[in-house]
Amino acid sequence: MAYSVPVDDDFSEYFAARAHALRATAYLLCGDWHRAEDITQVAMTKLYLAWPRLRAVGLDAYARKVVVRTFLAENRRLWRKREHLTHEPPELPVGAGDTEDRLMVQAALAAVPPRQRAVLVLRYWNDLSVEETAEALGCSTGTVKSQAARGVAALRRRLGPHFDVLSPDGR
């Protein structure tokens, strides 16, 4: 089935505008830029196939949902669990901010179970409401609240008291 040029143009514009944000979300979920790129590509392929049926309203929420569900589906695959990634990247990361703290937080986030990690990323990185997160994950708001509480508690245990942003009175 051939798609018309305007549909391809619309999708190309959306891809150019949103791929970076979706890739960042995927990275926070999986903790590996290469895997995040793979997750984003699979999600964008799914989005492209559904593109003629989609409406502009809620498109970002739908795209995030596809990224999260692609991540969760990959974590259920047995062969993925047998892969062992190296701990150190081949090159030094370049960026602003406190690299040591960022790496510590990323490592702690990677230690959180995938479902809790998905809730934390959607709630606190993508700044979605409890209801929007529940919609994206296909679960109840109570599940989102409990998974978020457990995920934050796991991060607190892993990071210790020197991260005041995760203190009991913080977020």
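Trainee: What is the relative accessible area of threonine 40, and is the residue buried or exposed?

Mentor: This is a predicted model. Threonine 40 has its place in helix H2. Buried means under 20% relative accessible area. Threonine 40 is buried, because its relative accessible area is 0%.

Trainee: Which residues does threonine 40 touch, not counting residues up to four places away in sequence?

Mentor: Contact means heavy atoms within 4.5 Å. With residues up to four places away in sequence left out, threonine 40 touches Ala19, Leu22, Arg23 and Ala26.

Trainee: How many helices and strands does the chain have?

Mentor: Along the sequence the pattern reads α-α-α-α-α-α-α-α. Buried residues account for 36% of the 171 residues in the chain. The count is eight helices and zero strands.

Trainee: Of the contacts between residues at least 6 apart in sequence, how many, in %, join residues at least 24 apart?

Mentor: The contacts in question are those in the chain between residues at least 6 apart in sequence. The share of these that join residues at least 24 apart is 63%.

Trainee: Are the rings of phenylalanine 11 and tyrosine 48 stacked or edge-to-face?

Mentor: The chain has five aromatic pairs. In the pair of phenylalanine 11 and tyrosine 48, the ring centres are 5.0 Å apart and the planes are at 75°. Planes over 60 degrees apart count as edge-to-face. The pair is therefore edge-to-face.

Trainee: How many residues apart in sequence are the parts that this pair ties together?

Mentor: Phenylalanine 11 lies in helix H1 (residues 5-30), while tyrosine 48 lies in helix H2 (residues 33-50). Phenylalanine 11 counts as buried at 9% relative accessibility, and tyrosine 48 counts as partly exposed at 25%. The parts tied together by the pair are 37 residues apart in sequence.

Trainee: What is the angle between the planes of phenylalanine 11 and tryptophan 51?

Mentor: Tryptophan 51 lies in the loop between H2 and helix H3 (59-76), so its pair with phenylalanine 11 of helix H1 ties together parts that are 40 residues apart in sequence. Tryptophan 51 counts as buried at 11% relative accessibility. The ring centres of phenylalanine 11 and tryptophan 51 are 5.2 Å apart, and the pair is edge-to-face because the planes are at 85°.

Trainee: Which residues form the aromatic cluster?

Mentor: Phenylalanine 11 pairs with tyrosine 48 and with tryptophan 51. The one cluster is formed by Phe11, Tyr14, Phe15, Tyr48 and Trp51.

Trainee: At roughly what angle do the axes of H6 and H8 cross?

Mentor: The helices are H6 (residues 114-125) and H8 (residues 141-159), and their axes come within 8 Å. Angles of 65 to 115 degrees count as roughly perpendicular. H6 is roughly perpendicular to H8, because the axes cross at roughly 95°.

Trainee: How do the residues of the contact of H6 with H8 divide into nonpolar, polar and charged, and what are the counts?

Mentor: On the H6 side the contact is made by Arg115, Gln116, Val119, Leu120, Arg123 and Tyr124. H8 contributes Val144, Gln147, Ala148, Arg150, Gly151, Val152 and Leu155. These residues divide into seven nonpolar, three polar and three charged.

Trainee: Is arginine 123 buried or exposed?

Mentor: Arginine 123 has its place in helix H6. Its C-alpha is 6.5 Å from that of threonine 133, which is 10 residues away in sequence. With a relative accessible area of 18%, under the 20% cut-off, arginine 123 is buried.

Trainee: Within what arc do the buried residues of H7 fall?

Mentor: The buried residues of H7 (residues 130-137) are Val130, Thr133, Ala134, Ala136 and Leu137. What covers them includes H3, H6 and H8. The face turned away from the buried side carries the exposed residues Glu131 and Glu135. Seen down the axis, the buried residues of H7 line one face of the helix, because they fall within an arc of 160°.

Trainee: Near what value is phi of aspartate 127?

Mentor: Aspartate 127 is in the loop between H6 and H7, and counts as exposed at 55% relative accessibility. Most residues other than glycine have a negative phi. Aspartate 127 has a positive phi, near 55°.

Definitions and conventions:
Residues are numbered from 1 along each chain as its sequence is written. This is a predicted model: local features need pLDDT of at least 70, side-chain atom pairs count only at pLDDT 80 or more; totals for chains, interfaces and linings use all residues. Side-chain values use heavy atoms; hydrogens and water are left out. Axes are lines fitted to C-alpha atoms, for helices over the stretch in contact, and angles run from 0 to 180 degrees between N-to-C directions. Helices (H or I, at least four residues) and strands (E, at least two) are DSSP runs, numbered from the N terminus. Angles under 35 degrees count as roughly parallel, over 145 as roughly antiparallel, 65 to 115 as roughly perpendicular and the rest as oblique. Ala, Val, Leu, Ile, Met, Phe, Trp, Tyr, Cys and Pro count as nonpolar, Asp, Glu, Lys and Arg as charged, and the others, Gly among them, as polar. Rings of Phe, Tyr and Trp (its six-membered ring) pair if their centres lie within 6.5 Å; planes under 30 degrees apart count as stacked, over 60 as edge-to-face and the rest as tilted. Buried means under 20% relative accessible area, exposed over 50%, partly exposed in between (1.4 Å probe, protein chains only). The arc is that of the directions from the helix axis to the C-beta atoms.
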